[in-house]
Amino acid sequence: MSSLSVRFLSPSLPSSTSAWPSSTRLAATQAERPVELSRLEPRVEEREGYWVLKEKFREGINVQEKLKLQKEPMKFFMEERLLQELVNIPLEELEKAKVTKDDIDVRLKWLGLFHKRKYQYGRFMMRLKLPNGVTTSAQTRYLASVIRKYGKEGCADVTTRQNWQIRGVVLPDVPEIFKGLAEVGLTSLQSGMDNVRNPVGNPLAGIDPLEIVDTRPYTDLLSQYITANSCGNLAITNLYNPSVCSWPYAPMYAWPRKWNVCVVGSHDLFEHPHINDLAYMPAIKDGRFGFNLLVGGFFSPKRCAEAVPLDAWVSADDVVPACKAILEAYRDLGTRGNRQKTRMMWLIDELGIEGFRSEVVKRMPQQELETASPQELIQQQWERRDYLGVHPQKQEGFSFVGVHIPVGRVQADDMDELARLADTYGSGELRLTVEQNIIIPNIENSKLEALLKEPLLKNRFLPEPPLLMKGLVACTGNQFCGQGIIETKVRALKVTEEVERQVAVTRPVRMHWTGCPNSCGQVQVADIGFMGCMARDENGKPCEGVDVFLGGRIGSDSHLVKIQL
């Protein structure tokens, strides 16, 4: 496909040009020839409780793998080394030794701490685990108290995986923050690098009159397994072991080896199952409730692929065992080719879907895995509903209100106000969505009028935003992210406001912005997607620009973008 770069006349970054890979539908295929038995030998082994790459597979490994072998990242948490090795030492001193500099920039990501070296030197983003996007007013207030102390450096974002990221954190404060998180039932453990990301579920779980299943128990169980109840699950903290990356822009885009999971509970597919490494799709088999499994969906600079059927059905009791078996197959066998080809779909392609399924079966508790059920519960022809605004709950006399959070960005005062509204009008609960918005559930109908008159909902976080704003999503961009090529959040708002002045629309148009090819802003599922790139101005000088994508869909007819301009 041809590529059209739209330029922005803003401060330019160092020039690097490339034709980014198109976002097309790529299905897993059978391996063209039988896989050699040696290929099925696990690449990792357990040593002293930690999973490490075997000696025979260490030739030509990349920098990240060497860092893990040199010093196990999870020891900061499991052996409580954070205080003695990092926190009480000035950052300037830590920078003098390569091992401690690597601690700061890489290993702390296993604890959910991301050093913002390029744009916020000495400060960290902390990513929380928030299964199903469900949080409490107490948790929200605590996070507000953390970022407030950092002044203009502190803020929070609702992410595209239903969780919070807080910004401005400094290392000496981390032990106290961890203690505070534990007191309110939160953790940041295993939320970055070679770990499983936040389990996503239906944001209307338990309150939607038309829901298929309440996803909260399943996402909670998955999260408990993934982090061993916030104690650290060492079996799945070293999922990926790629070799040297030959891509010329690898120094700029050393993207993490993430693995995403969701549980679907709605006909609307609010959970975006087709872009997850593992998706549980509700289905009945022989009168039993359970889930068909989709595997392999992902975005990366090299390739974007939709999840494909595993031809597997698991009972509700086997949700965690199935996740464990798939993760262990991936951990043990994940490709060791260049770093562009390390997401799970590449392994599925190499082994073939049947070969991959066989490896999963070997790791199931009884070495059994039922074939998929033909009786899926999701209606195929379903008009995706809008959760913004006021909607009745399944509980008589109660409603939920979905409010629009412009590009997901909030300040400490916003969080305190949201917590107050949840307590005053609801049950003290808030729900985060993958579109970076927030739902206030469990509101007595008699309180709706007063809630809608609240200044926060009238002036900032609107229940009924303009049509073009309604579907706007933006990643962090280069305001904070070192991999961002362009600024996204402010620009997304300004561009949308200008388009609103010039164009009248009759239905929402979902516009997604992402600052780089990692696509945290998920441009591949947008009606119109903008991916940051370098372009040239009228004088031939480098400037910020975007590659434009068209035609992504979510819901029952979901598919990735069809056109890259």
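Modeller: Start with Val169. Leaving out residues up to four places away in sequence, Val169 touches Gly122, Arg123, Phe124, Met126, Val146, Tyr150, Val174 and Ile177. Contact here means heavy atoms within 4.5 Å. A word on the source: this is a predicted model, where local features need pLDDT of at least 70, side-chain atom pairs count only at pLDDT 80 or more, and totals for chains, interfaces and linings use all residues. Residues are numbered from 1 along each chain as its sequence is written, and side-chain values use heavy atoms, with hydrogens and water left out.

Now widen the view. Val169 is among the residues with the most contacts inside the largest nonpolar core, which has 59 residues. Others in that group include Leu108, Trp164 and Ile438. A nonpolar core is a set of buried Ala, Val, Leu, Ile, Met, Phe, Trp, Tyr and Cys residues joined through side-chain atoms within 4.5 Å. Buried means under 20% relative accessible area, exposed over 50%, and partly exposed in between (1.4 Å probe, protein chains only). Helix α12 (residues 412–425) gives the most to this core, with 6 residues. Helices (H or I, at least four residues) and strands (E, at least two) are DSSP runs, numbered from the N terminus.

Arg331 lies over the face of Trp51, at 3.6 Å from the ring centre. Arg303 lies over the face of Trp346, at 4.6 Å from the ring centre. The test is NZ of Lys or CZ of Arg within 6 Å of the ring centre and within 35 degrees of the ring normal.
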